[in-house]
Amino acid sequence: MNIHYLTLFPKMYDGILNTSILGRAKEKGIVDYHTINFRDFSGNKHNKVDDYPYGGGAGMVLKPEPVFNAMESLELDDPRVILLCPQGRPFDQKMAEELSTENDIVFICGHYEGYDERIRSLVTDEVSIGDYVLTGGELASMTMTDAVVRLIPGVLNREESHQEDSFSTGLLEHPHYTRPREYRGMKVPEVLLNGNHKLIEEWRHEESLKRTRERRPDLLE
Ligand code: 6GU
């Protein structure tokens with residue numbers, strides 16, 4: 001999979017995409033990340049990428065030319081093109097699973113009051129990562145990258161498996177314990193110590209249900 005980021009701040013990506021599982025996925029050759037500074041595609045001599053809104057009002061608007069020119073320079077065949085904005089469809093695990101099968105994903109990351117509406121003609125999806133406002137799309141695109149790349153076959157090893165993740169099962173995860181058996185007076189539940197796998201599975205399922213009911217009743221509907 002190739003993931004392309006149209007951004008004015010390519011440096012923001014360096015640490016995250018080269019670290020831990022995202023960095024390892026790239027070293028393994030499963031995925032590659034490409035940042036494109038669309039200021040280089042402004043098409044004007046002052047490298048201007050934003051301008052005042054027609055009709056007046058506060059804030060600047062991202063001009064169409066830099067984004068169209070940067071997109072065309074990629075010459076991709078049938079990519080998913082994701083515009084990051086708070087008005088988009090809420091990102092979730094189902095969308096992450098769907099995106100994990102794509103060959104090319106392009107993230108368009110703005111830092112302005114708005115995108116010129118004509119930019120939307122390039123886009124297959126408008127996505128938000130939650131009901132709060134970020135200063136730009138970069139962190140949202142990295143969050144989505146993290147959720148997507150870990151689902152590509154070969155990225156996680158057996159210990160890191162995602163089969164029992166919260167959300168992929170439809171429930172929140174059950175509690176986990178490791179050694180020691182007792183820590184500062186807090187004991188590991190007896191059922192986990194007795195080696196009865198059927199009882200352990202039942203306990204975990206009950207705890208998952210309880211946790212989901214308490215914290216995220218909306219997931220049970
Ligand atoms: Cl995708 N962009 C911005 N700027 N803010 C957001 C967001 C995206 N998702 C939630 N808030």
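Reader: How many positive and negative side chains does the protein chain have, and how far apart do the centres of the two sets lie?

Author: This is a predicted model. In the protein chain there are 26 positive and 38 negative side chains. The centres of the two sets are 7 Å apart.

Reader: Which helices and strands make up the chain, by count, and how spread out is the chain?

Author: The protein chain holds six helices and 10 strands. Its radius of gyration is 22 Å, whereas the globule rule gives 17 Å for 221 residues, so the chain is more spread out than a compact globule. The C-alpha trace spans about 70 × 40 × 35 Å along its principal axes.

Reader: Which residues is Ile3 in contact with, leaving aside neighbours within four places in sequence?

Author: Ile3 is in contact with Val31, Asp32, Tyr33, His34, Ile105, Phe107, Thr145 and Val149. For the chain as a whole, take contacts between residues at least 6 apart in sequence: 74% of them join residues at least 24 apart.

Reader: What share of the residues counts as buried, and what area is exposed?

Author: Of the 221 residues, 39% count as buried. The protein chain exposes about 13600 Å², with carbon and sulfur atoms supplying 49% of that area.

Methods: Residues numbered from 1 in each chain as written. Predicted model: local features only at pLDDT ≥ 70, side-chain atom pairs only at ≥ 80, totals over all residues. Heavy atoms only, no water. Contact = heavy atoms within 4.5 Å. Helix = DSSP H or I, 4+ residues; strand = E, 2+ residues; numbered from the N terminus. Rg over C-alpha atoms; globule rule 2.2 N^0.38 Å. Buried < 20%, exposed > 50% of the residue type's maximum accessible area, 1.4 Å probe, protein only. Areas by Shrake-Rupley, 256 points an atom, 1.4 Å probe, with all protein chains shown as cover. Lys, Arg positive; Asp, Glu negative; His and termini not counted. Charge placed at Lys NZ, Arg CZ, Asp CG, Glu CD.
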